[in-house]
Amino acid sequence: MESMGSAAIFYATAAVVLGSALYVVVGRNLVHSAFALVAAFFGVAVFYVYLGADFLAGAQVLIYVGGILTLLLFGVMLTNRIYNLNLRSGAIQVVPGALSAGLVFALLVWIIQSVDWGAMDSGDPGPTSESIGRLLVGDYLLPFEIASVLLLIALMGAAMLVRRRGSS
Amino acid sequence: MITRFRQIEMRLMGPLTMIPIVLLLVILGTIAALPVVATILSELVADFVPPPLQHLTIVALGTAGFVGILALNPIYSIWLERKVAAHVQDRLGPMRVGWHGLLQSFADGVKLMFKEDLVPRDADRVLFGAAPMLAVASAFAAFAIVPWGVREDGTVLAVANLNIGVLYFIAITSLGALSVLMAGWGSNNKYALYGGMRAAAQMVSYEIPTAILVLVVVAQVGSLSIPDIVNAQAGGILGVGDWLIFQLFPLNLIAFVLFFICGLAETNRTPFDIPEAESELVAGFHTEYSGMRFAFFFLAEYGNMLLVSMLAALLFLGGWIGPFGSNPLLFFVKGFGLVVVQMWLRWTLPRLRVDQLMGICWKYVIPISFFLLVVTTVIKGLL
């Protein structure tokens, strides 16, 4: 993990993530922004691999790229008039937006600097899926279940909202 | 009446007349595909390469093997597809270029390379260009976790022996839906866009049962790693009896059939090929593509076909385990055999309607998959 090559890949990935994330925010073409988000999510998955979190990296690609992003694109394409290549978004409230983003950034930097992260020795990371599984159905079973129920409620609520009135 | 019987007979028997040719092709294909050569070489690696470099050499050989197989796969798969189609329809298919038309696809490939690369004037150039690349990249990247054998010392022959193998497979194949959406949108053509939309809806829907059916296997074996899953199927009668498909009969058999159906749907093959239904959508998402970009979509499609077939072979049919011990060749026979079944189905079955397609997924396949998952887990827990 200490080698030049892996450092080079790390910084290249970081550049891709930041660049595409920036494009998502400032880009005017909505569909391009959505596809730029793919690169950002994928780059984050690469970081998970760097941290030895193999299961998390797989889940990141599966859920964010494969699920959420496809649905997001679907929504973008269907909510506007179909067959219109120029979906545009504009920049409004630049100053308050920049201000709040700067504040959040400062807060994050402060937290990262002040917390002792208990970093592990770098080395060949072991498999993580088994311990994650044990924790999910063991120590953290209740929060895990509450989260699932919450998601289920959100799902049913969404289905309820889009239902046509009158038809039962 | 007689012609009707003749038609049905041809549909059923057509592929059977292909058996000698298919066998020959499987042998040719595997030899051409290099992994077997790579396997033999990897045995030699132990003798000639100093230990620190051994792992790297095996990985390099594995990569070379799979890049070879993926580059050659569409060439002989397209030939095979045309032959299967022809025999199902009582024709001969390509016969002119080479023995039984074997070199036809090479000729077509050369033609495609020299074809003009058209980009529609109003297309979104960035997305239009990126879509074929993403399609091929996602199809090829998924092969990284496909192992084709184990050496005697337990080293797995694969590009990457990931601990989360099947999760990686599900995750990477979901990128394919994005490439189709990208192509459909970027073409700025309503048929292409409809094709892309249909494909995305279909792939996202069928990803769910695929993942659940993979979980059925994972829950029984207790590992996400593909080599572990295959090794758990060793032994039994004739080396066949412990294949997962025969365990807990008939639960795993149903799981296998459903997995194969989902595989067909995810690779947009008939009867699930409405994204490119030519009678209603011209050619679906790749309507505007020509030349090498078009060829790239073909490369991806045949890559994906092989991928789901190989995955089905690994998860349910024992991978490289069979009556003659463990043998990489056996794995390739199983994989290509399932590819032939896919082609056979394509030329036998009619296409499903959009609503039928979604209905099958949400009303039948997903509930049955959940049922299988619960039942197999409960049985596994009781045993």
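When I number a helix here, I mean a DSSP run of H or I with at least four residues, counted from the N terminus. Please keep in mind throughout that this is a predicted model.

Let me begin with the contact between the chains, which takes 27 residues from chain A and 28 residues from chain B. The area buried between chain A and chain B is about 2500 Å², and carbon and sulfur atoms give 82% of that area. On the side of chain A that touches chain B, the elements that give two or more residues are α2 (30-50) and α3 (54-79) of chain A, and α3(A) gives the most, with 13 residues. By class, that side of chain A has 18 nonpolar, eight polar and one charged residues. Between chain A and chain B, the count of salt bridges is zero.

Turning to the cavities, the count comes to five of 30 Å³ or more. The largest cavity has a volume of about 200 Å³, and of the 17 residues that line it, the closest to its centre include V180(B), F285(B) and N304(B). α12(B) gives the most to this lining, with five residues.

The second largest cavity, with a volume of about 140 Å³, is lined by 14 residues, and among those nearest its centre are T173(B), E266(B) and, once again, N304(B). Here α10(B) gives the most to the lining, with four residues, and by class this lining has five nonpolar, seven polar and two charged residues.

Notes: Residues are numbered from 1 along each chain as its sequence is written. Chains are lettered from A and ligands numbered from 1 in the order in which they are written. This is a predicted model: local features need pLDDT of at least 70, side-chain atom pairs count only at pLDDT 80 or more; totals for chains, interfaces and linings use all residues. Side-chain values use heavy atoms; hydrogens and water are left out. Contact means heavy atoms within 4.5 Å. Buried area is the accessible area (1.4 Å probe) that two parts lose on being put together, summed over both. A salt bridge is a side-chain nitrogen of Lys or Arg within 4 Å of a carboxyl oxygen of Asp or Glu. Ala, Val, Leu, Ile, Met, Phe, Trp, Tyr, Cys and Pro count as nonpolar, Asp, Glu, Lys and Arg as charged, and the others, Gly among them, as polar. On a 1 Å grid over the protein atoms alone, a cavity is a set of points where a 1.4 Å probe fits but cannot get out, and a pocket is an open set with protein on both sides within 12 Å along at least five of seven lines; lining residues have an atom within 4 Å of a point. Grid points are joined across faces, edges and corners, and a volume is the space filled by probe spheres set on the points.
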